[in-house]
Amino acid sequence: MNLWAYTIRRLLLLIPTLLGLTLIVFILSHVSGNNVILAEYLSPKLTGAARAIATQALIARFHLNQPIYVQYFYWLNAILHGNWGYTNTAIYSGPVTTAIALFLPNTLMLSVVAAILIWIIGVRFGVYSAVNRDSVSDHALRVGSFTLYAMPIYLIGVALIIVLGVYLKVLPISGVVSPTMVSGLSWYVNGISYPTHIIIIDAMLHGAWGVALNAAIHLLLPAITLALAIVAGLIRILRSSMLEVLDQDYIRLARSKGLSERIVYNLHARKNALLPVITLFGLTVAGLLGGAVVVETIFNYPGIGYWTTQALLDSDVGGIMAATLLFGLILVVANLLVDLIYAFVDPRIRY
Amino acid sequence: MEYTLNVSNLKEQFYTRRGIYKALNGVDILLRKGEILGIAGESGCGKTTLGLTIIGLLPRNAVVTDGEILLDGKDLIATLREFASKEANNPNLRHSENIMKKLNKQLINVRGSRISMVFQDPMTSLNPVLRIGYQIAETLMVHQPEVLAKRRLARSKVKDDDLREALKLLENGADEQSIKAFAETRQLEGIEEQLLNIWRRNDLGIARKEKMILSLRSERLGGFDMAVLQRVVSQGRIDGWMRIPGLNRMSKAVLIKEGNTKAVELLSSLEIPNPEEVVKMYPHELSGGMRQRIIIAIALANNPELVIMDEPTSALDVTVQAQILDLLKHLKQRFNTSFILISHDLSVLAEVCDRIGIMYAGRIVEVATVDAIFNKPLHPYTTMLISAVPTIKGGEIQGIGGAVPDMRFPPSGCMFHPRCPYVMDKCRENNPQMKYVEDEHLVACYLYEGQKGEQN
Amino acid sequence: MNEERAKRWDNTKLSIRVFLANRTALVGLIIVLIYVADALIMQFDPGLLGITQVNTLVPNFTNPVPLPPSWAHPFGTTFPGVDLYTSILKAIRIDLFYSILVVAVGAVAGAVIGVVSATVGGLLDETVMRITDIFFSIPYLILALAIGFILGRSLMYMSLALALVWWPLYARYTRSQTLSTKEFTYVEAAKASGVSRTRIMFRHILPNALPPVFIQISLDLGSIMVIFSTLAFIGFIANAKVPELGYLTSLGLNYVQTAPWAVIFPGVAITVFALAVNLLGDGLRDVIDPRRRS
């Protein structure tokens, strides 16, 4: 009944999940031997004798000559203290935490914009499709969402690039901002903007509205790609959920009360039809994060996903493991939020 | 004789992949003002379909091929007949859905205000994510926003002296008329029903009621709320600037809030304990019997002329069933509303109905007073139905031989002839018309041909 | 008895009618069969379509820049001078094979774990559920990427990684199917009449719980192929000559402004397959779901 009690219980359930998540990453780092953790934590800048000394220090620090569960404990300790090791890729070389600070804001920006697009498009079209079922527009929407659903996300991106970027030439197809716009700016150095590292926000903070607009336009194609890849599923689920709800007795009662069709659809039906969609939002976040990896790669958008694929191409185990852990953490938090929102929206859940 | 509802020769079919089901095959009903008419029959005879057709809530694969439904002389289903005359043989589902939407639009001012319906399963009939109070307030707001507005305005205008005087009147046993007159002379229209509703509550002591009446005077209204209420009173509905998105939501919120207080009064009049708490609850917090009372409250909220109750007690256990039936008897006395009570259970109908109609295979085959149906049943089917009712005295229960016919291929002539022990040759060929055998007693059967002979 | 049989036949007829009435499902079935046929030809007699070197792309470094579709190259070429038509035909075999591998390994492991977990119950069940929870806490694409990276960047390890990511889904699904079947009255009846536990399991529960699981699994083939190719697209495969649809697409990516066909054809080849599987699945679900039949 009490939302607070529910929240606390849900937070306690987080502990085993987080332990499991770190355990998976830890095991992955260890299946091929100690050299992996050394590769993660040895600064790539060290050479020669200094490197040998640092290696010894790491073996001592992570107790690499002791049983594996002891090692897990020391590794977890390092993670909790913000020591996530080093990454060494073509786009960034240095501590993982700094890489995250640089790349994560961009990924969050992209995901949030995509999520808003998904919500607006998905809810509108999903409800419309169910309400006007079997009409021409419903059929068109179904064919469209079915096709999008089957398309690999990279193909959606490439198709948008070809249509909007190459033939119509209305949107830029790569990067976060036109280089000419930002040359010589004091707050934009070596492709990194300060202080938030999200160029749109930084530009607005510095009053550079032209740059902000340019960056926003650069964000459009990646965001639309990501949104289209995921919205198809939402439309399909919402349509069937809405159709199911429209068959319910309480909708019949609502109609028998003489409510207008609009109120029946937009209040009585939609509110119920969205409940199963909310529970699936965790999956949507997983899709967003996974999709971000592909989209950022296609559009050379400097986020966590781009960094992850660079780490893959450059065989940088530190980057891969850190990204896995980070994506896991984001998803865990997102799922927590989803559960809390669900408890808030559905009165039946607060037992 | 004045009739609330006049259904004549109603015919309806369902188109499915397995074939065309002929659900209604010429139903005739005459319903008087303030009367409770029971409809009985086996499952699958079309009882529920009949109820849903009267209120116009049909699935898209239903087609009304013939007949009229007149509510106070006005035909409700002309649109459906028109569609059937165009696409009777092969109805397009898409077109049919559009027709249903058109019908929904036409009936918006009828449903909930003039005809309302109580459905079979109270567990699934309330919206799980909306509060009880809102679900009642909503129907009030849609159909009589001006009543809500007046109530709220009256409370903001009323003075302590007025309330004390009204209380004195009530304590001296003033009737409804004089309270109404009192409210009118003080220009406090809308206060009278609040006074009376509080005064009539049975769940509260007299001291508590006095206190509630004296505290009716509320804080002054804000400028926006005042503007909304005054406009609703003058226009009789939500329109003009109140339909601008955003303002619309705020205007409705003002009315819904008042609807909640009226919902409390409504619930207390239906003997629901703790109505103030109940309106704040969600459906899952209430028992089945409670939920059915809420649904009845929703149905009665706007004092409709006709309430259709489709098996209102079938999903409830026996003690709750008895309570609901008591409530119905009580309602019958208090409201001047006509009821159609649909049930497969004759004993339920016997308890509360004035007349009972027996339905078989999409037709009403006999209509008579409760007494006549039980003591002097004429149609062979009625006789068999009654002998199938278990009584407390015991005695052998007679089942009805055979099964309900497959309505894709209904029998020729009288549809009961394959199961009828008195079947004659002409029963197989012709369908008997409804005829008066006595005053108040109609039957469609050749056994009584020529006994009185006068067609309805 | 006769009536019973007639009724069942009536039901089967209705099922077939429902499926056939769904034209799109029929089209889906045909497309899937075409892909399977292509894979089989590539496996057993590639010469039938004039193809040699089934396992590798054939570059043409004298003319590496993508050429538009022509008689010689019906789908054009991609970098470095690779003919797209023959490459796609080769790639379908590879993609189909590894996708089926993912589904088979992941699904069999998942189904077995799910059934055992549901049957044994108790602590084991709880543990299995917690483990699946943990797998669900990492976005599948990233987890597959990390596992595959550790195992080694090859097609085989990539599909193994995907199977490792996928089994929890099937374990969950099988578990819930088994549990709900256990609740059915006929299982209760069998229990009440003293049938042994193993017999109930193999005679009554599994035959009823597993078919929907297998249908679900085969329907995931489309999505798996999409994800498989996506991993290849972002550069998972180190071997530069393997005919794989995602990898083929990535070859043309740098030429997207001048040679859009180089990315469109391989991409469409994947999409059409996934679409066909989904359409087929929707048709089958219509048949299974009694509510959608009428």
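You can find Asn9(B) in strand S1 of chain B, which covers residues 3–16. Its backbone deserves a look as well: Asn9(B) has a positive phi of about 50° although it is not a glycine. Please keep in mind as you explore that this is a predicted model.

Asn300(A) has a positive phi of about 50°, and it is not a glycine either. This residue sits in a loop of chain A, between H13 and helix H14 (304–313). Is Asn300(A) buried or partly exposed? With a relative accessibility of 35%, Asn300(A) counts as partly exposed.

Now let us step back and take in chain A as a whole. It has 15 helices and four strands. Along its principal axes, the C-alpha trace of chain A spans about 85 × 55 × 40 Å. Of the 351 residues in chain A, 56% are buried. If you take the contacts in chain A between residues at least 6 apart in sequence, 68% of them join residues at least 24 apart.

One of the residues of this chain to visit is Ala54(A), in helix H3 of chain A, residues 48–61. Its relative accessibility is 18%, and because buried means under 20%, Ala54(A) counts as buried. Which residues does Ala54(A) touch, once its neighbours within four places in sequence are left aside? They are Leu42(A) and Leu46(A).

Next, follow the backbone of chain A to a proline. The peptide bond that leads from Tyr194(A) to Pro195(A) is cis, and its omega is near 0°. Pro195(A) itself lies in the loop that runs between strand S4 (192–193) and helix H9 (199–205) of chain A.

Helices are the next stop. Two packed helices are described by the angle between their axes and by the distance between those axes. Take helix H7 (residues 153–167) and helix H13 (residues 281–298), both of chain A: their axes come within 9 Å and cross at roughly 35°. The crossing in which H7(A) passes H13(A) is right-handed. On the H7(A) side, the contact is made by Ile153(A), Tyr154(A) and Ile161(A), while H13(A) brings Gly291(A), Val294(A), Val295(A) and Ile298(A). What kinds of residues make up this contact of H7(A) with H13(A)? Six are nonpolar, one is polar and none is charged.

The largest share of the lining, 10 residues, comes from H12(A). By kind, the lining residues of this second largest pocket divide into 16 nonpolar, 10 polar and 11 charged.

Technical notes. Residues are numbered from 1 along each chain as its sequence is written. Chains are lettered from A and ligands numbered from 1 in the order in which they are written. This is a predicted model: local features need pLDDT of at least 70, side-chain atom pairs count only at pLDDT 80 or more; totals for chains, interfaces and linings use all residues. Side-chain values use heavy atoms; hydrogens and water are left out. Helices (H or I, at least four residues) and strands (E, at least two) are DSSP runs, numbered from the N terminus. Ala, Val, Leu, Ile, Met, Phe, Trp, Tyr, Cys and Pro count as nonpolar, Asp, Glu, Lys and Arg as charged, and the others, Gly among them, as polar. Axes are lines fitted to C-alpha atoms, for helices over the stretch in contact, and angles run from 0 to 180 degrees between N-to-C directions. A crossing is left-handed if the near helix is turned anticlockwise from the far one by less than a right angle, and right-handed if clockwise. Contact means heavy atoms within 4.5 Å. Buried means under 20% relative accessible area, exposed over 50%, partly exposed in between (1.4 Å probe, protein chains only).
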